[in-house]
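Have the sequence and the 3D view side by side as you read.

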Amino acid sequence: MAAIGVYLTPKMEYVEGRCLSFVNSSTSLKLWPIIGRRNFPIRRKRIEVNCSMSNTMSPLESEEDAATLSSSDSLEDEFSHVTKFKMSDFKIRNRVSIGLGGRGDEIVFEAMVNDPHSPLYKTRVVLRQLISGRAKRRGHRAIEVLKRLARRKLMYHSYSMQVHGYICPSMMDENSSFTLVHGHHGSASLRHWLQRSDWLPTLEATLSLDQESVRRVGDDTIGGPAISRQLRLIRILMRDLLIGVNYVHSHGLAHTELRLENLHISAVDKHIKVGILGNASDFNEAGPADNASYDNMDRRRMMIAFDMRCVGFIMAKMVLRELMDPTIFAKFKAFLTKGNDPSCLREFLLHAVKRNSSAGNLGIQILDRNWGAGWHLLSVLLAPKPLDRISCLNALRHPFLCGPKWRVNLSIDLIRWSLGSTTVRIAEEYIYGQQQRSRLAHFVELMEMLNPYPKPKHWLGLLPGKWRLLYCTGRHIGLTLRQPSVRVLIGEAYLTISKVSKPNTTFSAASHISFTVMAGRDWAHDKSGVGGKLQVDSFFRLRAGRRLYLKEETITSKFPSATPDAQASILKRLSSKKWRKVIPINKFPSSLSVAKLVSNEIDVMMSLNEPLIGNMELAQKALQEVRTQIPPEMFDLSKIVCGTYLDSRLLVLRSVNGSALFFHRCANDS
């Protein structure tokens, strides 16, 4: 007979109960004291358990015990790179921060290492007790991943949340508690930073932005307006995040759980710490059955693409503070899940985000800088096809994350994007002086020369959609200094193109124009009136064609699309050192490949919301004014002869007289 004494210490149970009450508390940023007396009396109970053991043991029982001991030793050997702690090594703090809150199956609390023999003596750590079996597997996975990442200690300590060890009485008992001991990198996650009203100056002070920090992002200014300050801070955070994610990818792992709640900013080394890798997935973990049909390289690309999509969501929330609102972010995700192209996000967010928001629309202005480079980076991070998403290394070389002091070799895609974004911004200003009309015509000509899809076969998939008319080189859209008999305010002009089932090269085009007839005398201050719509339907076919440039052309329009002077200016630009590296053009081309549009009969229909007091003459004058303000090609689609530029967001169509109609793609449900 032998007697075994078992001691129960209620102190840990009391701490766990306090932490549970904290997890169910408010989610503010304040540090709440744990309810209860600090000097809790500890009573130790001695429970005696009498158990009988035979002096002899069967061979089968001895083999089972040996196997159990060997498996336990093997598990502890796998965790030999981390420290196994005891609960007595820590002094539990009486406060827990919201930013370190875990899942429903985790209990999180802070502690101080009070073991003088430990290298972490007097270091603040976070104890994360894992309750469910799934949570314990996440903890074991985090320790396993650490063994691979810790080979490069400098990178690991700089860009990843440090895991110091674990607390586990028995590795073999499934019911045994498992507590993960990891570093304390501040009391708030990146989400909590962004939710603060004074997040920008507070975060700048935490990161201690100095000349060295500014040099890291290639910026040449320290202070400046709010937009420059916020852009500089976003560059620092995004570059740190991409370096950390690339560090994980370079070791054959995908994080799979990148979000604002899993990112922490350390005030010690001024770096972003990527959260615990409890859900990290190995690129080569596919089973034998999967390897037969699914290549490891494809698996690697898909998993990296998933992480990059998460980085895109993080960037969108950092730049566009309005997306921190769950309702607006739900619309943002719905826009992507409905199959819309991310390159049209600007057109969507201009209507989805309120103009009078508390953020002051700074995010849209930040993304508009550097010829719309921010929108391009966001679109390639959220590309619908995983293989089209940008990698971490290429994202670090993107112009949006590189300051003006850094020279970035622009790709031909970025040059096309910059030209299109600049043209859209000029067209949206609606101040069409002679200089702006010349610049718009100049940029349209450059875009046509850089047309990525000159052959009609590429237009079959990209052409269908809803396009909004932004500008026409031959007509001034909107009210002018004229004195019309009827005041008409143009709303939106859309061109909806749909593919007809048979044959594949036949499309249906519908032109929708909304307007308001302001019959009152006080029209300058009161824009209300009778609304109306005008619709034109037609069918056309796609054919291959070429656009010829005539050396001797006569100017017949007041706003010509391309004069000989404009062509000379374009040639001069393309011959400069900046453009010669990308487009080796020695002389202006005599012709360009285009997609020719062969139109059929058209059908015109106009409707008014209310009758104009039975005045047919007034209705005719209103229709005439609409036709005066809107380009004639929108009424007579047969005048559109060819398409000269097309990509995922922009479209340029040419009419019989040489005018260019500039369109922007809209969302499917707009």
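What percentage of the 670 residues of the protein count as buried? The figure is 47%, where buried means under 20% relative accessible area, exposed means over 50%, and partly exposed is in between, using a 1.4 Å probe and protein chains only. Keep in mind that this is a predicted model: local features need pLDDT of at least 70 and side-chain atom pairs count only at pLDDT 80 or more, while totals for chains, interfaces and linings use all residues. Residues are numbered from 1 along each chain as its sequence is written, and side-chain values use heavy atoms, with hydrogens and water left out.

On the secondary-structure side, the protein has 20 helices and 22 strands. These are DSSP runs numbered from the N terminus, with helices being H or I of at least four residues and strands being E of at least two. As for how the chain folds back on itself, take the contacts (heavy atoms within 4.5 Å) with a separation of 6 or more: 71% of them are between residues 24 or more positions apart.

Now for the interior. In soluble globular proteins, nonpolar side chains tend to be buried together. A nonpolar core here is a set of buried Ala, Val, Leu, Ile, Met, Phe, Trp, Tyr and Cys residues joined through side-chain atoms within 4.5 Å. The largest one has 68 residues, and F332 and F400 touch the most other members. Helix α10 (residues 296–319) is the top contributor to this core, giving 11 residues. Apart from that core lies another, with 34 residues, including I497, A509, L646 and L651. If you click on F400 and ignore its neighbours within four places in sequence, you'll find it in contact with L231, I234, R235, M315, I366, L367, A373, G374 and L377.

Next, the helix pairs. Two packed helices are described by the angle between their axes and the distance between the axes. The axes are lines fitted to C-alpha atoms, for helices over the stretch in contact, and angles run from 0 to 180 degrees between N-to-C directions.

The crossing is right-handed, meaning that the near helix is turned clockwise from the far one by less than a right angle, with anticlockwise being left-handed. K331, F332 and F335 of α11 make the contact with L345, F348 and L349 of α12. Those residues split into five nonpolar, no polar and one charged, counting Ala, Val, Leu, Ile, Met, Phe, Trp, Tyr, Cys and Pro as nonpolar, Asp, Glu, Lys and Arg as charged, and the others, Gly among them, as polar.

Helix α13 (residues 362–381) packs on helix α15 (residues 412–429) at about 120°, with the axes 8 Å apart. That makes α13 oblique to α15, and the crossing is right-handed. On the α13 side you'll see D368, W371, G372, W375, H376 and S379, and on the α15 side L414, W417, S418, S421, T422 and R425. The tally for this contact is four nonpolar, six polar and two charged.

While you're on α13, have a look at N370, which lies in this helix. N370 has a positive phi of about 55° although it is not a glycine, and at 34% relative accessibility it counts as partly exposed.

Helix α15 also packs with helix α16 (residues 434–449), at about 155° and with the axes 10 Å apart. That makes the two roughly antiparallel, and their crossing is left-handed. The contact of α15 with α16 divides into eight nonpolar, four polar and two charged residues.

Finally, the loops. K122, between β7 (106–113) and β8 (124–130), has a positive phi of about 65° without being a glycine, and it is exposed at 60% relative accessibility. R151, in the loop between α3 (133–149) and α4 (153–159), is exposed too, with a relative accessible area of 66%.

Note on methods:
Parallel < 35°, antiparallel > 145°, perpendicular 65-115°, else oblique.
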